[in-house]
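Colleague: I have a model open and would like to learn how to read it. Can you take me through some features?

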Amino acid sequence: MLESIPTELRIIAFIGAVIVAVVALIALRGEWPKTRLEDHVTKIMMVLLTVGCIEVMLVAIGTIGRVK
Amino acid sequence: MSLTHVQLPASSHIHPPPDTFIKKYVFSLDHKVIAIQYFITAGLFLVFAGLLAELMRVQLMGPNNHVLSVAVFNQAYSLHGTAMVWLVGIPIVTGAFGNLIMPVQIGARDVAFPWLNMLSFWMLPVAGILVFASLLFGAPQAGWTEYPPVSLQLPLGESLSLWCAGVFVIGVSSTITGLNFLVTIVKMRAPGMTYTRMPLFVWATGVTAFLSMIATANLSAALAGLFIQHNFGVPFYDVTRGGAPVLWQHVFWFYSHPAVYILILPAFGIVSEVIPTFVRRPIFGYKAIAYSSAAIGLLSFMVWAHHMFTSGLQHWEQLFFMLLTMVIAVPTGIKIFSWVTTLWRGKIRLDSPLLFVLGFLSTFTLGGITGVMLASVPADAQEHASYFVVAHIHYVLFGGTIFGIFAGLYYWWPKMTGRMLDERLGKWHFWLMYIFFNLTFLPMHWAGLMGMPRRVATYDPMFAGTNLFVSISSFVLAASILIFIYNAYRSARYGEPAGPNPWGARTLEWMIPSPMPYYNFRDVPIVLSGPYDYGKPLPYANISQDLAMTPVR
Amino acid sequence: MAAANAHAVSDAEYAEVSGHRLLGFLFFLISDCVIFGNFIFSYLYLRNAAPLWPPVGIERPYLYLAAVNSIVLFGSGATMHYAMEGMRHDRRSQFIGYTLATIVLGSMFLGGQAYEYTHLLPHTTWAGTTFGASFYTLTGLHGFHVFIGVIFLIVVLLQTLRGTYTQERHFGLTAATLYWHFVDVIWVALFFLFYIY
């Protein structure tokens, strides 16, 4: 069963990753001028979230990621 | 300096005192009461752990005694180490002294999270019950370090799980305390108290808190791994299924080496407080002592594998850890030099607190030197797991931590209880303890070098004379603590009332009445400069003038 | 220190105590990172020591379901951020809606993990090889944190509905959001370590 759906999953993963990454970057731009400690932590989290989305994008297009 | 722009903390109003017995003495939120709870509970565990040691010394009076079976002897040294490190040493230096003194020294009314503080304390008796309950099923026998596969092989029943659970609980307590103290120091210092105006005990407590918070998490992870292997068969350390016993050593020592710095740094802090007071001089090298504490804290994470030199490490690993271990002796040496220089040609008052500090300086330095000897890989190949190591650890832990604890107890007893301890009894206690400490542990260096292994219930007859001598000395050493217990009792019944500042010291805790009122300071103090400038006026504003004029005894 | 109940203390005191709590909460998250770091070290050590990885007979976890599950979790991080923005701009319905979305997405992530554990790894058990030991311990610990996070979010959502939090006083929400981001970021690392590396 699983052999037939990887392509669908990869497309969902890729599109989802793009959407979430864009949202995270928009949020980052909004947070950028804020100065309190919790704002700095939020900014770092948004960056790392974007990194995670890039990870998933690269996995979805097959560049990285171990299947076997 | 103008005081018109000082911003007082918004959350520093005095709230009503606790009213019921439970709220005052059982589930107290007051850091000073919690400190006393820690002293009493850890003191009880000290007696248990000390008795375990004496039991071992009875067995070791002859080379082939049958006082204890081998299994019971193994349990004795395992619980002795476990209790001394986790139920006595760390709770007293952090939970007791840190709680009692640090908030007052920074001019705060309490720690940042008093409820968490109370929770941290109550985890101590729970942990102690779990650990000692393991005796009912045959306690773990592989030392306080419980290396697998041995720790998993012996017929253990439930006891390894109990041991893991107990140590896990005290680990969580230690982590919470570290977090609490660090937030307190960062956020709740009185106005004007910059980091370089903090007393050195606060510096020591701060670095210790950082270590407690970061290092102890590794212990939790390591124990969890051991627990799930023992109970669910998860093969972290099982070599037959791809696991690695050396992995346990890595994760265990990555915590346990910083742990020994948790044990000693507050003692360094106590020494830094007692010396200026009893020489009435500014401490030499305040910044050196402060920054070297931070350096020791950071370096302590980089030396753990010196406990593993005989475990099959690669050459480059051995070299790396050997060099860094030798390096960590440097900031420690800087402190010793600063303290000795402070004392040099000073007008020294040889009262009990300072006597214990002098005892500390001599024994801890010797222990530090044998530590550098052990840091050398080829030497360690000979000395590892021998009585040389036992001698080293007791010189730094007993000679360092315990003597530091007694120095602090004699120093801050009047502040904590409002009564003085008897000075003659204090001197008897010190001299008996110091002399018989050395008679007990000094011969162990030679026994170790001549080949006597540690953790053995029987030994080669060539060591018989030394061991008999050591055992008898240890009995007197143990008895010497009774002098302190009697002194404490006597002080409670007939002790001379202490004023706010019987020693004529200059840190903030001596500016308020003894014993300390529940709110610490009537008004939040304002700090104008550092605390060790004897000869200059007191560097505080907003402190009642009466307290400032207390004469020196 | 009096509990900084949102109604009983002055603004200045609430702000000051919130500063303490924020630092304390961040220290807690750092120590939690250390726990994960320790298990990650153990995983890498055991993997390095193994002659073959995955060990014989062990299949690799299914990559593409995990990729989709990851996006579900990362998306929940974005929704939680917008929930907080709602509270900061006094738009309660925005906060409630996005928090609900976060809870749903977080639960979906947990569901995906559960499905993976039970259906997609027939030969990999916790007590079998070091692969299972590392994989289930680390992803299980993470899943436990997600579960606690979902509970945390449900609790703060209920508290918000009761009126505990306001635009000016909402430290509990800040803490919940930071915790949720932390859980997200740990997954970034774990996804890399088990599915990519």
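Modeller: No contact (C-beta atoms, placed from the backbone, within 7 Å) joins chain A and chain B. Their closest C-alpha atoms lie 13 Å apart. This is a predicted model: local features need pLDDT of at least 70, side-chain atom pairs count only at pLDDT 80 or more, and totals for chains, interfaces and linings use all residues. Residues are numbered from 1 along each chain as its sequence is written, while chains are lettered from A and ligands numbered from 1 in the order in which they are written.

Colleague: Which chains share the most contacts?

Modeller: Chains B and C, of the two pairs in contact. There, 30 residues of chain C meet 32 residues of chain B.

Colleague: Which helix gives the largest share of chain C's side?

Modeller: Helices are DSSP runs of H or I, at least four residues, numbered from the N terminus. H1(C) gives the largest share, 19 residues. Helix H1 (11-49) and helix H4 (130-162) of chain C each supply at least two.

Colleague: How do I check a helix's length?

Modeller: Multiply 1.5 Å by one less than its number of residues. Helix H14 (residues 423-449) of chain B has 27 residues, so it should span 39 Å; its end C-alpha atoms are 39 Å apart, which agrees.

Colleague: Which residues of H14(B) are buried?

Modeller: Buried means 20 or more other C-beta atoms within 10 Å of a residue's own, with C-beta atoms placed from the backbone. In H14(B), B:Phe430, B:Met433, B:Tyr434 and B:Phe437 are among them. Residues three or four places apart point the same way, because an α-helix has 3.6 residues a turn. The buried residues of H14(B) pack against H11, H12, H13 and H15 of chain B.

How values were computed:
Buried ≥ 20, exposed ≤ 12 C-beta atoms within 10 Å, placed from the backbone.
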